[in-house]
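Open the model in your viewer and keep the selection tool ready.

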Amino acid sequence: MSVICAIFSTDGVCDDDVQTALQSLRAYPHDAEGSWVSGRMALAACTLHTTSESYEQSQPIVTDDGKVACVFDGYLTNHEELVRDLEPRGAVFRNRSDAEVAIKAYEAWGDDCAERLQGEFALIIADQRRGRLFATRDHLGFVPLYCLREDNRLIVASDFRTIAALKPNALEPNLRYLAQTLTNRWYLREETPWKQISRLKRAHCLSFDGRSLCEEKYWSPPTEVSIQYKSDAEYAEHYREVLFDCVRRSSRAHDRVGVAVSGGLDSSAIFSVADDLIKKDQWLAPEMQGYSLAAPDRSNAFELPYARAAAAHLGRELRELPLFDPDIDYYSEDGKWHCDIPSPSNAAMMLTMEQQVVSDGSRVMINGIGGDEWLQGHAHSYLEFLDDKDAAGFLRMLKTEAADQGLMPALKQCTRQTAVWLAPDGLREAIRKRMRAKRRRDDVALRWLAPELREALKDAEEEFEASLPSNPIEWSKVNLATTPRGDLTHSMMRRQRNRIGLESRHPMLYRSFIEFSLASPAHIKRRGAVTKVVHRQAMESYLPDKVLNRTTKANFTNTKIDHQFAEHVRERAPQALRELCDLEGLPKILDIDFLGLDGDYWAWEIWGLYASAAFLYQANCTGEINPATGVQLDRNNQ
């Protein structure tokens, strides 16, 4: 794990800027630091070692002729294959660290290296041979890269703090981004809370030569169903191979690895697979330790009985840690430190557990995030059977749905999907457009937006929808893989763990896992009300019945902090939100019963209102940027 920065300036990069970048990056836990300057380009990195190979690396990595250098954040899941492919092409490795493998891949394949690199990573290359910067991120954007271009200079960095430290003038808030934050309607892939800073989109690479900034997509989620077997057992066997391989690859670490065990189907499966890999001597770390959140008994987040059942089934110890439940000052200060919007409360809940992992000597934690997205399935099974002209499969699905939900609901769903399949693309798009317009008219969250921002958010939604395929099956798959809300989730969790020196890994979000899900039929994931069908079948001999047959999920709402968020908005809204909101409409949401269904339903909007108010309040109270830390100085405290 690293934090990285690059500067390209047509006037040449001064040493003061490099030192400013390093001083900002030093705020994160790290083992080594370094910089490289050559003419118009400079790189800086602070590295925390998480793999055995990384202990031998020194970033930036520089080629023997000194003409190409790179900084790398994250880790590669296809490290072994890349080395095997590169050595016959003449690549000579000094230490086989991920950073060195990445720069060798760039030398061998140029821009095409982006598609070949797999994992959770961000890479920046300074190429003096071609006079340009090159940067890329992984397929889902786990590892952030932000960009600021002004006149003759481009800054690319892991965080807002470092960019703020390098920018001579104060940053301006991006009200359009905040509009989607406080309404919980996410459509903007590239924008950030700061008007001048953009996000390098996931699965994209960029290049900059001082004149033009070019951006190109290197990976798109597959949409065609190409994995088809005759039996459930064959699907389960294939799925099990993919899951075991992904978990094995996620375990490459120099020390014991932490595994988050919530008690749900996904994290419990990761825990069980890790145990099996250790027994078969296929685990790529010395050992592993399970950790679980100990929510209060009988609370809506209490999952310990399931987590304990998974641990007992394996005969393994489980470390149980309380939920992190701070008051509002924590969220406001954390947002200010990162020069970002404050994190949601359900993200912060894991902090005590994550700190314990670090205290126990681990620097890597594996989790089961991704199962809900890629194993739940969708209601398009009938469409797939129609596409394949599989009448027998269509009738089997109707029979299954009727037995589970009743004949009339099953017929209604069947008829609806058949009508969608028969409709021409133009009609489907017209219906979607009408439904979007109706949703906007009925959307309570949009009513408190200022009219110009309501219109801006409408334009953003239409632009996002236009980027998606018209075919309903393809639409759902591409939308799931590219939803901008994922950028919020990944960046918030990444920044929280970066600050304590912990690298999280997500085997159920690796490219091979996602591609299996997208290329396999919907009916192996959902049948009637039962989700994750193939996962349950594949894990039958690995999980206890208490977990395997589970159909419930924990709810991590926090009414205490919701009350504090609402009170903050009441106090700050007249000053902070006046450009964003119709203030007269806010009491309708701020005065709801947080213990009732309305409180649960509106929890994200309550956080969004608070996060936007806190962010704008800090931005409106700031003067110059502190170049040592990247944190904006509060005029009231100077």
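A crossing of two helices is called left-handed if the near helix is turned anticlockwise from the far one by less than a right angle, and right-handed if clockwise. Keep in mind that this is a predicted model.

**Stop one: a helix pair.** Select residues 559-576, helix H25, and residues 603-620, helix H28. Their axes lie 8 Å apart, at an angle of about 45 degrees. Which hand does the crossing of H25 and H28 have? It is left-handed.

Now show side chains at the contact. On H25, pick Asp562, Phe565, Ala566, His568, Val569, Arg572, Gln575 and Ala576. On H28, pick Ala603, Ile606, Trp607, Leu609, Tyr610, Ala613, Ala614, Leu616 and Tyr617. Colour them by class: 13 are nonpolar, 2 polar and 2 charged.

**Stop two: Leu453.** Go to helix H19, residues 451-466, and select Leu453. Buried or exposed? Leu453 is buried, because its relative accessibility is 8% and the cut-off for buried is under 20%. Beyond neighbours within four places in sequence, Leu453 touches Leu175, Arg176, Ala179, Glu579 and Leu580. Draw a C-alpha distance from Leu453 to Leu580: 7.1 Å, across 127 residues of chain.

**Stop three: Ala403.** Select helix H15, residues 391-405, and find Ala403 in it. Ala403 is exposed, with a relative accessible area of 71%. Ala403 and Tyr75 are 328 residues apart in sequence, and their C-alpha atoms are 46 Å apart in space.

Definitions and conventions:
Residues numbered from 1 in each chain as written. Predicted model: local features only at pLDDT ≥ 70, side-chain atom pairs only at ≥ 80, totals over all residues. Heavy atoms only, no water. Helix = DSSP H or I, 4+ residues; strand = E, 2+ residues; numbered from the N terminus. Buried < 20%, exposed > 50% of the residue type's maximum accessible area, 1.4 Å probe, protein only. Axes fitted to C-alpha atoms, helices over the stretch in contact; angles between N-to-C directions. Contact = heavy atoms within 4.5 Å. Nonpolar A, V, L, I, M, F, W, Y, C, P; charged D, E, K, R; others polar.
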